[in-house]
Amino acid sequence: TTNLSVGQYDPHDGTYLGDLIVNSGEILWPINAIPGPDGNIYVSAQSGMVLVYDTSGNYLYTYDDTSDGLNNVRGISFRGDHLFVCTYYGEVAEFDGPHSRLPDFINDGVSSLWKCLFLPGGDCLLTNSTSDAVEHYDANGVYQQPVLSALGFPEQVQFDLEMPGEFLVNDNAQIGRASCRER
């Protein structure tokens, strides 16, 4: 975030491979970079936007920004071709295209949400630094239960490629592993 860049890392041992995206004026405080269903790279910026880059790191366009009601953007995820954007203000905004915001997937107005991870059936795991938990929501955005709690400011959650069916979550102190079954 402080370098205003998106780095590349070896997926097996974490070796830094260099920067793929370097700030050229459009990216402020990058938080999360993910591949999109179109093959491009989507980068969330805490300044309130999601930017799209090609796989060579060239800026293409702004997918959404503060004009779409976003502020303090955190993690992003795709479910199909819909983009879900987590914010500090307790919302997971849903978009079906650039600057095409749908009703929020989740909006409790109080939680600090960092990252959602969609399970194969459509359910969602969501890191919430207000409750210090990874929470389970169904495919319609209805809260189910905490999956992990008593964490210290959880931010990222992702599938564990080494242990199918499990996921990894980081907090300020450690990286942990857990599993979750959809209903």
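**Figure 1. Residue classes in the lining of the largest pocket of the predicted model.** The lining comprises 24 nonpolar, 15 polar and seven charged residues; Ala, Val, Leu, Ile, Met, Phe, Trp, Tyr, Cys and Pro count as nonpolar, Asp, Glu, Lys and Arg as charged, and the others, Gly among them, as polar. The volume of this pocket is about 1700 Å³. On a 1 Å grid over the protein atoms alone, a pocket is an open set of points where a 1.4 Å probe fits, with protein on both sides within 12 Å along at least five of seven lines, and lining residues have an atom within 4 Å of a point. Of the 46 lining residues, Y9, N32, A33, Q156 and Q158 are the closest to the pocket centre. The model is predicted, with local features needing pLDDT of at least 70 and side-chain atom pairs pLDDT 80 or more, while totals for chains, interfaces and linings use all residues.

**Figure 2. Strands at the largest pocket.** Strand 3 (30-35) is among the strands that each supply at least two lining residues, and strand 3 gives the most, with six. Strands are DSSP runs (E, at least two residues), numbered from the N terminus.

Figure 3. S111 occupies the loop between strand 10 (101-107) and strand 11. S111 counts as buried because its relative accessibility is 6%, the cut-off being under 20% with a 1.4 Å probe, protein chains only. The side chains of S111 and N128 form a polar contact of 3.0 Å (N or O atoms within 3.5 Å, one able to donate a hydrogen and the other to accept it). Residues are numbered from 1 along each chain, and side-chain values use heavy atoms, without hydrogens and water.

Definitions and conventions: Points joined across faces, edges and corners; volume = space filled by probe spheres on them. Helix = DSSP H or I, 4+ residues; strand = E, 2+ residues; numbered from the N terminus. Buried < 20%, exposed > 50% of the residue type's maximum accessible area, 1.4 Å probe, protein only.
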